[in-house]
Amino acid sequence: MSIHCEQSPAATAIIDTAALAQNLVVARRMAHGARCMAVVKANAYGHGLVECARALSGADALAVARLSEAKTLRHAHATDLPIVVLDGALSADETSEAVALGCELVVHSDHQLQWLEAAEQVPSTIWLKVNTGMNRLGWAPAAVAQAYARIVAKAPEVDVRFSTHFASADDPDAEQTDEQLQRWQDLSRPENATISLSNSAALVRELGLRAPTNALAWVRPGLLLYGATPFGSGDATDLGLTPVMNFESSVIAVQRLRTGDRVGYGGGYTAAQDMRIGVVAAGYGDGYPCQMPAGTPVLVDGRNCMLAGRVSMDMLSVDLTGAPEAQVGSRVRLWGQELPVERVARHANTIAWELLTRVSARVERVFT
Ligand SMILES: *Cc1c(COP(=O)(O)O)cnc(C)c1O
């Protein structure tokens, strides 16, 4: 895909909604008949909640972290799909509000269960969250049967489902995953219960998916829908996925440096020879991290260049040696197609999830 010349010269996130929908098709293929809840929390991983929800209408449900996100979706009439609130209600009020919004709630704790028991109405579907070893949210396996019994006592008509979350699914060598799977298998739960285990990494690795029972399973991909890999090496394109966000800006000034000249705050970058530097309208105020080191790849007019000097709030500097034709107005891609966000993340010792979600509010999202 070519770089869009008609875009604003400032930092812009160009969102390829067709790629998002296509990545969902790829995820479904990986799920072998399991149903798919598309995770759109945190502004759809920075891509734009409402528009992405619309593009993901082919999912079986959407999942958010907070009730406020579900409210935004419902008020915008962005979806008719069920919405699962992954963290569940954070107060008694949220419990009744979730019911009014037609949301499905995760119930992971005794206080959430008490709010439910005290509520006039309960959700039609409740996901009991089991702590199989991540020790973030959920009931200890030994406490699950009683929590289940309390829900049934309160509202026998509720569809109670069972879920857990892997701590290390992105690491194929992690023994922790086997321990978690073992605890999950040992769990006493009703036969033919509906279950959900897999985030993106677990889905790719088919953890917990087994052919005859997949009809009862739900997968919960997030990152892979946005076209990034959850693993520590390789690119999403290896998995048949397409990056959804192209984070772009343009050159707004060019500096000609002599050997020994310095660049940016603190003068931390010194020109090793005469060179041209492109100043780009994107900085940490747009979500491009200040910690990004010199040498991080950047595409200028589609050519490989490198970051030079410290990223400031509204601008960053690029060594234009790789793009001799570049000038004011040249398009710059910070990540996206041909420059995977996961590769950029590895340069700053961070993860693709964080880079995507921290793209800031002032960055215009353009949906194509
Ligand atoms: C965020 C989240 C997911 C999605 O995780 P990815 O790694 O982005 O696929 C799945 N399940 C739960 C409970 C989550 O919080």
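The largest share of the lining of the second largest pocket comes from H8, which gives three residues. This is a predicted model, in which local features need pLDDT of at least 70, side-chain atom pairs count only at pLDDT 80 or more, and totals for chains, interfaces and linings use all residues. Residues are numbered from 1 along each chain as its sequence is written, and side-chain values use heavy atoms, with hydrogens and water left out.

**Pockets**

The second largest pocket has a volume of about 320 Å³. It is lined by 16 residues, and those closest to its centre are Trp-184, Arg-189, Ile-195, Arg-210 and Thr-213. Two or more lining residues come from each of helix H8 (175-186) and strand E8 (195-198). Helices (H or I, at least four residues) and strands (E, at least two) are DSSP runs, numbered from the N terminus.

A pocket is an open set of points on a 1 Å grid over the protein atoms alone, with protein on both sides within 12 Å along at least five of seven lines; a cavity is a set where a 1.4 Å probe fits but cannot get out; lining residues have an atom within 4 Å of a point. Grid points are joined across faces, edges and corners, and a volume is the space filled by probe spheres set on the points.

The largest pocket holds about 700 Å³ of space. Its lining has 36 residues, and Lys-41, Tyr-45, Arg-136, His-165 and Asn-199 lie nearest its centre. Strand E2 (35-39), helix H2 (41-45), strand E6 (125-129) and helix H9 (200-204) are the elements that give two or more residues to this lining. H2 gives the largest share, three residues.

**Cavities**

There are three cavities of 30 Å³ or more. Among the residues that line it are His-47, Tyr-226, Trp-335, Glu-342 and Leu-356. The second largest cavity has a volume of about 40 Å³. Its lining includes Lys-129, Asn-131, Arg-136, His-165 and Gln-180. Arg-136 and His-165 also lie nearest the centre of the largest pocket, with Lys-41, Tyr-45 and Asn-199.

The table gives the linings by class. Ala, Val, Leu, Ile, Met, Phe, Trp, Tyr, Cys and Pro count as nonpolar, Asp, Glu, Lys and Arg as charged, and the others, Gly among them, as polar.

| Lining | Classes |
|---|---|
| Largest pocket | 20 nonpolar, eight polar, eight charged residues |
| Second largest pocket | eight nonpolar, five polar, three charged residues |
| Largest cavity | seven nonpolar, three polar, one charged residues |
| Second largest cavity | three nonpolar, six polar, two charged residues |

**A buried arginine**

Arg-74 lies in helix H4 (residues 67-75). Arg-74 is buried and has no salt bridge; Asp-80, the nearest side chain of opposite charge, is 6.1 Å away. Buried means under 20% relative accessible area, exposed over 50%, partly exposed in between (1.4 Å probe, protein chains only). A salt bridge is a side-chain nitrogen of Lys or Arg within 4 Å of a carboxyl oxygen of Asp or Glu. Lys and Arg count as positive and Asp and Glu as negative; His and the chain ends are not counted. Beyond four places in sequence, Arg-74 touches Thr-79, Asp-80, Leu-81, Pro-82, Ile-83, Leu-101 and Gly-102. Contact means heavy atoms within 4.5 Å.

**Positive phi**

Most residues other than glycine have a negative phi. Ala-42, not a glycine, has a positive phi of about 50 degrees. Ala-42 lies in helix H2. It counts as partly exposed because its relative accessibility is 34%. Glu-206 also has a positive phi, near 60 degrees. Glu-206 sits in the loop between H9 and strand E9 (217-219). At 38% relative accessibility, Glu-206 counts as partly exposed.
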